[in-house]
Amino acid sequence: MTMLDRMKKETFATRWAILVTGHPLVFVFLGLCLAMGLGYGGKFITISSDYRYFFGEENPQRLAFEKLQNVYSKDDSTLFVITPKDGEVFKKSTLAGIRFLTERAWQLPYSRRVDSITNFQHSYAEGDDLIVKDLVTEEELADPEKALSFKRLKEIALAEPLLRGLSINEGASVTSVNVLMTFPGKHSMEIPEAVAEARKLVIEFKEKYPGHEVHLSGDTMLNNAFNEAGVKDMTTLTPAMYGVIILIMFILLRSVSAVFATFVVMLLSIVGGMGFAGWMETPITPPSSIAPVVIMTLAIADSIHILKSILEALRKGRPKRDAIVEGLRLNLKPVFLTSATTIVGFLSLNFSDTPPFHDLGNITSVGVAMAFVLSVTVLPGIIMLLPLKARKADDNLSQWGSVMGSWVTQRRGPIAIISLLTTIIIGLQIPKIELNDEFIGYFSEDNTFRVDSDYTMKNLTGIYQINFDLKSGESQGVADPAFLAKVEEFANFLRDEPMVTHVNSITDVFKRLNKNMHADEEAQYKLPEARDLAAQYLLLYEMSLPYGLDLNNQVDVDKSSTRLTANLGFVSTSEIIEIVTRAENWLKSNSPENMHTLATSPVIMFSHISHRNVVAMLKGTLLAFGLITLVMILALGSVKYGLLSLIPNLVPIVLGYGLWALFVGEAGFTIAIVGSVTLGIVVDDSVHFLTKFNLARREKGLSVDEAVHYAFENVGGALVVTSVILVIGFAVLMLSAFKMNYILGALSALTIGLALLIDFTLLPAVLSFCGQKKTKK
Amino acid sequence: MKSNSSKTITALLFIMLQSSFALSAQTGSPQQKGLWVAEQIDRADEGFVNQVSKAIMTLRNKQGQQSIRSMTIKSLEVDGDGDKSLTIFSSPRDVKGTAFLSFTHALEPDDQWLFLPALKRVKRISSNNKSGPFMGSEFAYEDISSQEVEKYTYSYLREEEVLGAKGYVIERVPVDKKSGYTKQVVWVDGTHWRLGKIEFYDRKNEKLKTLTFEDYMQYSNKKWRSRRMEMMNHQTGKSTQLTWSDIKFGQDLTVRDFDQNALKRVR
């Protein structure tokens, strides 16, 4: 590539520029056709609303959870949390309202089971019979004479381990209707559709039963929140970005035509990238929903470099076509190189364990490739067609570059030592970053899902569930008293965990049945003593349960295993992992081998997402580093300077992570991709700087220090400009409704800013050092 | 007893009235035509007197695990009311000897008792359970209890090939509000009135399950019986196969073999 470059570089770029400026209309048309062709795919874009998509199909936690769902039931909960304003659930109007909501919830789309305090299958002894029926029936509400008193209902509900702390809080002031939905997963609108119906039902409920507050939480609402956050980001961040970009461009370019041309390039790059997503049937998620902003940020840099050169040439009095040819001649190679390295960085996201990051990487890569193609076709074409005048320029920037150059070369020793030491000290802080993927925290504090889920956690029950698939080791073994005793012991162990708000265990059903079968004697509230007895109680109970309220989501078909579920309140990822590890270890040391199992659930999947992504992206980032260094070596035609480029490429990323660890501390799984994302971008600065440095050394025969001066004067200004644009572009992501995008934006902006600093201090200092050694020898 | 016999008479009158429309029904309203088809099914099964058979239920979940239950089922035809049936479980081991007695009624809730050998007691079962799963399977109790004409309202949908012959498709809506279904679509052949397939729609009117009847055989008393029934739950991916063997008719059985005392004597 170097040879080819040397022979044809100038001529090719010039020839190309002459061709484009000769047929501007043709190239504008061709560029438009390409963008439209790709953009047509935009028709097929869908928004994903499935948190499972954050996990690769081979993800072990996802596989474990899917297996559990296949054995018991695959359902997502939609939780209606109802708070009567007078603080009393057990009164006629509220109970009637809960009944209404329970009945109607069966008709919600995809609903398969509805559980509430009113349809709770209350069992009791009546003479020699076992009665199993709704705790609150319609007839009884209509005719209080027949019914248990509200006080008695309250006692029953609060005494029932299956309800207390899950469907009713201790103070009996908040209750819930839990709807389990099974989504076939055939189209992306299933969840938004179910949520829309659930919200309609809430409105209807509030009209019919005034004096109640309703909050919606659960898996379905989480999925929907991902969907809504993605949509919100696309509809708010992108326009915000447009506004910022137009403002910057007017300040920098001060030319309507130039701004217009840049705008067209940006727009078509986004259309191309998003259209590609459509063609590939990539569902949009919060991480990939920021692709337009990222593409815009990167596309503008290409155009600005080219336009600045064109305007500069115009200012020097060259005719327009000449100026355009000059602009392309100077920039074709660096723009190609920077686009290539950026693409390498983004493509390395495919190493991540989280498919939405693959999407972000691929969409952005296509967008960046488009931006390059359009910057050398449509951009010069439009400029050729439209009037363009150069304004008087203030050369502050290049003057300032020259000053900076001497300052750095004179103090190269202290600068190199101080920056390297600082980097090491700050870099050592990186392990202090605490990874927290508590997924409610992914959403900003004004997000409805966040508000409602926080309310639920504070007032009713934890919504983070963990499941244990406890195997008895033999067919029909769930009725084995020894097994049941162990399950109960385990349930009690979990109940003693401070973060656990509720444990759902089949043993509570057995204890209640045993009591019922002994004429409701309190003393008999214990596990059945004999296996056949337990099995027959269960059979009798199962035969008495109505539609949808069976035990199939708690006991497997062979009655050989049972699912035990614990709900956790406000917990961080590390606390969840601790609790889960303690529970798994308890099983290992206290129960027979057949009961040893690993906890599974969405929250556990999220608990491992950061770690898995960090490990996976380490590989990806290293590979990207290798490839980019190789590109640098080839582009600069020097192994030494190629390897030296590692310093300005690596140091800002280390500093960025280190400063984050020091000043923010907490992060989530996005942290894993910041390295790759910023690598491809920060490298652009060193490409520009080192190319100019090299040019000065080789072609102009300047000394190292003089070459540093030359590089400062020639690209210093452009680097400041593009870095400012990139920092602002990524800072816009901090407006995202999705915390992971906020982190990505903030940390990337920080890293890009640091890269500029390093390129202006450490890089020239090190270059100067290397040159010094050589001359001494 | 009194109320029972008067019910019998009403039911008889009802059936007689209905049958007199039979000929014209084929050209009548969809409701009349649907009812006519349902009556033909009912009539084709009339007069089997009693039946004893062995059944094996194979439950499967989405993970591919399976579990087997086996039982003996005795049923007795009752004139003017639903049939009586007695199910004795022989496996799994823990519920061996458990016996389930049920008296089906057309419109009233069915009467049901369960004998638990470990407790040596007969327990009456709540009447609201008809929509719940039978033995944890995909069959609800209401799917396997005797199908009285009055339990549904009908409407005729279309003609279609069923079990290789000309047949009908009808829709039926359960009368009982406690049913787990909003409707069922029934495929039946028009010659022997054998059921080919039933689709069950849940409370939100979405297809929940499909029951297919296979391996029909005609017995000496001219009655046809399917020996393999496959119930597939489309929403959970679970399924249950019910296979029948040793089907015998005209056994020495009386009403006394179907009362609560009989429950305790089953083994």
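I'm working from a predicted model here, so I looked up the confidence next. Chain A has a mean pLDDT of 88, with 96% of its residues at 70 or more.

**Chain A overall**

I looked up the make-up of chain A and got 28 helices and 13 strands. Of its 777 residues, 57% are buried. I also checked the box that its C-alpha atoms fill along the principal axes: roughly 105 × 55 × 45 Å.

**Domains of chain A**

Which stretches make up the domains of chain A? I wrote them down from the domain assignment:
- Domain 1 covers 1–44 + 255–388.
- Domain 2 covers 59–237 + 447–463.
- Domain 3 covers 396–428 + 606–777.
- Domain 4 covers 467–568 + 570–600.

Then I took domain 1 and domain 2 of chain A as a pair. Their C-alpha centres are 52 Å apart. For the contact between them, I counted in 9 residues from domain 1 of chain A and 8 residues from domain 2 of chain A. On the domain 1 side, strand 8 (283–284), helix 10 (286–289) and helix 11 (291–315) of chain A each give at least two residues. By class, I have that side down as 6 nonpolar, 2 polar and 1 charged residues.

**A:Met296**

Helix 11 of chain A came up again when I picked out A:Met296, which sits in that helix. Is A:Met296 buried or exposed? I put it down as buried, because 27 C-beta neighbours lie inside 10 Å. Setting aside neighbours within four places in sequence, I listed the contacts of A:Met296 as A:Met241, A:Ile245, A:Met266, A:Ile270 and A:Gly729. I also checked A:Gly367: C-alpha to C-alpha, A:Met296 is 8.5 Å from A:Gly367 in space, while the two are 71 residues apart in sequence.

**A four-stranded sheet in chain A**

Next I traced an open sheet of 4 strands in chain A, with the order 3-6-2-7 and antiparallel pairing. Its edges are strand 3 (111–116) and strand 7 (212–217) of chain A, each pairing on one side only. From one strand to the next, I noted an average twist of 20°. Inside the sheet, strand 2 (residues 76–84) and strand 6 (residues 175–181) of chain A pair over 7 bridges, in the antiparallel sense. What is the bridge partner of A:Phe80 in strand 6 of chain A? I found A:Val177 there.

Which helices pack on this sheet? I found helix 4 (residues 92–105) of chain A, touching strand 2, strand 3, strand 6 and strand 7 of chain A. The direction of helix 4 makes about 5° with that of strand 6 of chain A. I also found helix 17 (residues 448–459) of chain A, touching strand 2 and strand 7 of chain A. For helix 17, the angle to the direction of strand 7 of chain A is about 105°.

**A three-stranded sheet in chain A**

I then turned to an open sheet of 3 strands in chain A, in the order 10-12-11, also with antiparallel pairing. Strand 10 (464–471) and strand 11 (500–504) of chain A are the edge strands, each with pairing on one side only. The twist averages 20° from one strand to the next. Strand 11 pairs with strand 12 (residues 561–568) of chain A over 4 bridges. Within that pair, I marked A:Val500 as standing opposite A:Leu568 of strand 12.

Last, I looked at chain B. It has 5 helices and 13 strands. Of its 267 residues, 38% count as buried. For chain B contacts between residues at least 6 apart in sequence, 44% join residues at least 24 apart.

How many residues of chain B are in contact with chain A? I have 35 residues of chain B in contact with 41 residues of chain A. On the chain B side, strand 1 (50–60), strand 2 (66–76), strand 5 (111–116) and strand 6 (121–124) each supply at least two residues. The largest share, 3 residues, comes from strand 6 of chain B. By class, I noted 10 nonpolar, 15 polar and 10 charged residues on the side of chain B that touches chain A.

Key:
Residues numbered from 1 in each chain as written. Chains lettered and ligands numbered in written order. Predicted model: local features only at pLDDT ≥ 70, side-chain atom pairs only at ≥ 80, totals over all residues. Contact = placed C-beta atoms within 7 Å. Nonpolar A, V, L, I, M, F, W, Y, C, P; charged D, E, K, R; others polar. Pairing = 2+ DSSP bridges. Axes fitted to C-alpha atoms, helices over the stretch in contact; angles between N-to-C directions. pLDDT = per-residue confidence, 0-100. Domains from an automatic or database assignment. Buried ≥ 20, exposed ≤ 12 C-beta atoms within 10 Å, placed from the backbone.
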